[in-house]
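Here is a quick tour for someone meeting this protein for the first time. Have a look at the structure, then read on.

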Amino acid sequence: MKKIVFVLLAAITVLASCNDYETYGDMKEKERNAINKFIADSSITVISEDVFVQKGYKTDLTRNEFVKLDKSGVYMQIVRYGCGTKIQNGETANIVCRCREYNISSDTLCVVTNISYSAASPDIMRVSCTSGTFTASFTKQIAYNMYYVYGSAQVPAGWLVPLTYVSVGYPEKEGDEIAKVRLIVPHSQGHTTASSQVTPYFYELTYQREA
């Protein structure tokens, strides 16, 4: 009788463990739900890539528009197109990036380098463009920047998506503004932590060439 009870308890434990286990599909579904909730709570208007092209690659800030880019799954809002020029094919450049990073799933502000007290801690990424494809790595690990917090020189792939559309220069005269975007980045386009935890992040991000 004791053996039967032990077997039943073991079976119940195994079943409970199975029920607690999350598959990759389960985690992706939770990510989609978190993104959709964030979009709804933030009153974001999502437009298709076709509409984005028809509008001259613009997102309407008055309607809080974000375009969902088909290839990457990144949602992008262009706030400022920036001064200077786009990164050209065959070019390599150092870009200063300042960001606000927000974990959508946990409703947590993670990294802030775009306000006065953290202005001395930007990330510098070295970017190369080859046949329209961008690759990059962080070059300086400064206290509290992305490289420092995550301990990796890997640039989230989602950060490179806007470089197709914005100019990256250095302000030289009155009226010059650096490029600024807002992004919803799914785990597949994020850093190693985002990828391993299947977690989406929101970014407010600026780009300018290193002086």
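## A hairpin to start with

Let's begin with β6 and β7, which make a hairpin with 2 residues between them. In the turn sits serine 131, and its phi is positive, at about 55 degrees. Keep in mind that what you're looking at is a predicted model.

If you want a spot to check by eye, find cysteine 129, which stands opposite phenylalanine 134 in β7.

## Another partner for β6

Which other strand pairs with β6? That would be strand β4 (residues 92-103), which runs antiparallel to strand β6 (residues 123-130), with 6 bridges between them. Here, alanine 93 stands opposite valine 127 in β6.

## Stepping back

Overall, the protein has 6 helices and 9 strands. It's 211 residues in total, and 41% of them count as buried. The accessible surface comes to about 11,700 Å², with 53% of it belonging to carbon and sulfur atoms.

## Glutamate 65 and its two partners

Now for the charged side chains. Opposite charges on side chains can pair when the charged atoms come close. The count here is 10 salt bridges.

Lys55, Arg63 and Glu65 are linked in a network of such bridges. Glutamate 65 pairs with lysine 55, their closest N and O atoms being 2.6 Å apart. Glutamate 65 belongs to strand β2 (residues 65-68) while lysine 55 is in the loop between α3 (49-54) and β2, so this bridge ties together parts 10 residues apart in sequence. Glutamate 65 also forms a salt bridge with arginine 63, this time with the closest N and O atoms 2.3 Å apart.

Lysine 55 is partly exposed at 33%, and arginine 63 is partly exposed at 43%.

## A bridge between β8 and β9

One more salt bridge to find: the side chains of arginine 182 and glutamate 204 meet at 2.8 Å, N to O. This pair links distant parts of the chain, with arginine 182 in strand β8 (residues 179-185) and glutamate 204 in strand β9 (residues 201-209), 22 residues apart. Arginine 182 is partly exposed, with a relative accessible area of 23%, whereas glutamate 204 is buried at 14%.

Note on methods
Residues are numbered from 1 along each chain as its sequence is written. This is a predicted model: local features need pLDDT of at least 70, side-chain atom pairs count only at pLDDT 80 or more; totals for chains, interfaces and linings use all residues. Side-chain values use heavy atoms; hydrogens and water are left out. Helices (H or I, at least four residues) and strands (E, at least two) are DSSP runs, numbered from the N terminus. Buried means under 20% relative accessible area, exposed over 50%, partly exposed in between (1.4 Å probe, protein chains only). Accessible areas come from the Shrake-Rupley method with a 1.4 Å probe; for residues, only the protein chains shown count as cover. Two strands pair if DSSP finds at least two bridges between them. A salt bridge is a side-chain nitrogen of Lys or Arg within 4 Å of a carboxyl oxygen of Asp or Glu.
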